Amino acid sequence: MLNKSPAVQIGELTVVRGRTTALNDITLDVPAGHIVGLIGPSGCGKTTLMRAIVGVQRITSGRITVLGEAAGHRSLRSQIGYVTQAPSVYDDLSVRDNLRYFRRVLGAPASDVDRVIAQTGLGPQADSLAESLSGGQRSRASLAVALMGSPRLLVLDEPTVGLDPVLHNDLWDIFHRLRDAGMSIIVSSHVMDEASRCDGLVLLRDGRMLASGSPAALRERTGAASIEEAFIDLINEQSTGDTR
Ligand SMILES: Nc1ncnc2c1ncn2[C@@H]1O[C@H](COP(=O)(O)OP(=O)(O)OP(=O)(O)O)[C@@H](O)[C@H]1O
C-alpha cells in the first residue's frame with residue numbers, strides 16, 4: 001500500500017464556471033485503493049471536482065493527474081467508471097439488455113454483463129425493464145454500467161441520494177467490496193453520516209477545501225464527536241481566520 005502511487009493528484013486547481021469560482025486552489029491526493037468522500041453542502045463544488053477528475057470539465061488553472069496520466073487523456077476512458085446524478089439506463093430495455101448495449105459501446109468483454117450483474121446483486125432484476133426498478137435497484141444498475149470493462153477508479157456523484165437506510169447500506173457494502181478488491185473510489189455526498197464510511201474525506205465549502213484526512217483524524221484535529229461537528233468547527237475556524 002505504501003508504495004502505491006496516488007490514484008489522483010490535484011495541484012492548485014481552480015475552476016471558474018460562469019461568474020462563480022466553483023473550485024478555488026484545491027490541492028489533494030486520492031490514495032489508490034481508498035474510498036475518498038467529497039463532503040459539503042449543495043453548490044460547494046463536488047460535481048465540478050468530479051467532472052475535472054473525469055476530464056469533462058474545462059479547468060482555469062492547476063494540474064490533475066489520474067492513474068499517472070493528465071486528466072482527460074484518452075487512455076483513461078476505459079479506466080474510469082463515472083456515475084453522474086442523471087439516470088444512465090434506458091427505461092425501455094431490461095437491465096441485461098442495457099448492460100449488453102453499454103458493453104458493446106465500451107468495447108468490454110461479453111462476460112462483463114454477468115460479472116457486473118453479480119457484483120451489484122441485480123440477478124433477480126436482470127430481465128426486468130429498467131422502468132420497473134426501484135430507486136435502489138436503479139442506482140445499482142447505473143453502478144453496473146460504470147463497472148463495465150473493470151475500471152480502476154470509480155467516480156460516483158451522490159449515488160445514495162433518495163435511498164432509504166437499508167438500500168443505502170446495501171450500496172455501501174458494494175462500495176466496500178469493490179474497494180477491498182483494489183478499486184479506488186471517489187464518492188460525493190452532502191450527508192454527513194456517509195462520511196464515516198469513507199477511508200478519507202475532503203471537506204469542501206464554497207469551492208475551497210476546508211480540510212482533508214481520515215474521518216478519525218478530522219475528528220481528532222477538532223476534538224469533535226462526529227464528522228458533522230468537525231465540519232462546523234472547521235467552518236468556524238476558517239471564519240475566525242478570515243476576519244483576523
Ligand atoms: N454550468 C454551470 N455554469 C455556471 N455555474 C455553474 C455551472 N454548474 C455549476 N455551477 C456553479 O458552480 C458551483 C459548484 O457547483 P457544483 O455543481 O460543483 O456543486 P455541488 O457541490 O456538486 O452541488 P450539489 O450537491 O447541489 O450537486 C455552484 O455555485 C454552481 O452554481
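Reply: Happy to! Let's start at serine 61, which sits in strand β4 (residues 61–66); strands (E, at least two residues) and helices (H or I, at least four) are DSSP runs numbered from the N terminus. Residue numbers count from 1 along each chain as its sequence is written. Please keep in mind that this is a predicted model, in which local features need pLDDT of at least 70, side-chain atom pairs count only at pLDDT 80 or more, and totals for chains, interfaces and linings use all residues. The chain averages a pLDDT (the predictor's confidence in each residue, from 0 to 100) of 91, with 97% of the residues at 70 or above. The scores for the model are ipTM 0.95 and pTM 0.92.

Serine 61 counts as exposed because it has 11 C-beta neighbours inside 10 Å. The scale behind that word uses C-beta atoms placed from the backbone: 20 or more others within 10 Å make a residue buried, 12 or fewer make it exposed, and anything in between is partly exposed. Setting aside neighbours within four places in sequence, serine 61 is in contact with Glu12 and Thr14, where contact asks for C-beta atoms, placed from the backbone, within 7 Å. Methionine 183 lies 122 residues away along the chain, and its C-alpha atom is 28 Å from that of serine 61.

Now for the sheet. β4 belongs to an open, four-stranded, antiparallel sheet with the order β2-β1-β4-β5. Its edges are β2 and β5 (69–70), each pairing on one side only. Two strands pair if DSSP finds at least two bridges between them, and antiparallel β4 and β5 share two. Threonine 65 has alanine 70 in β5 as its bridge partner.

Helix α1 is largely enclosed by the rest of the structure, since eight of its nine residues are buried: Lys46, Thr48, Leu49, Met50, Arg51, Ala52, Ile53 and Val54. After α1 comes glycine 55, with a positive phi near 95 degrees.

One more strand deserves a look: in β8 (residues 184–189), six of six residues are buried. Side chains in a regular strand alternate between the two faces of the sheet. In β8, one face carries Ser184, Ile186 and Ser188 and the other Ile185, Val187 and Ser189, and both faces are covered. β8 runs parallel to β3 (residues 35–39), with five bridges, and isoleucine 39 stands opposite serine 189. It is also parallel to β7 (residues 153–156), through four bridges, with leucine 156 opposite valine 187. Between β7 and β8 the chain passes through helix α5 (residues 165–180) in a right-handed β-α-β crossover; with the strands pointing away from the viewer, right-handed means that the path from the first strand over the helix to the second runs clockwise.

Key:
Contact = placed C-beta atoms within 7 Å.
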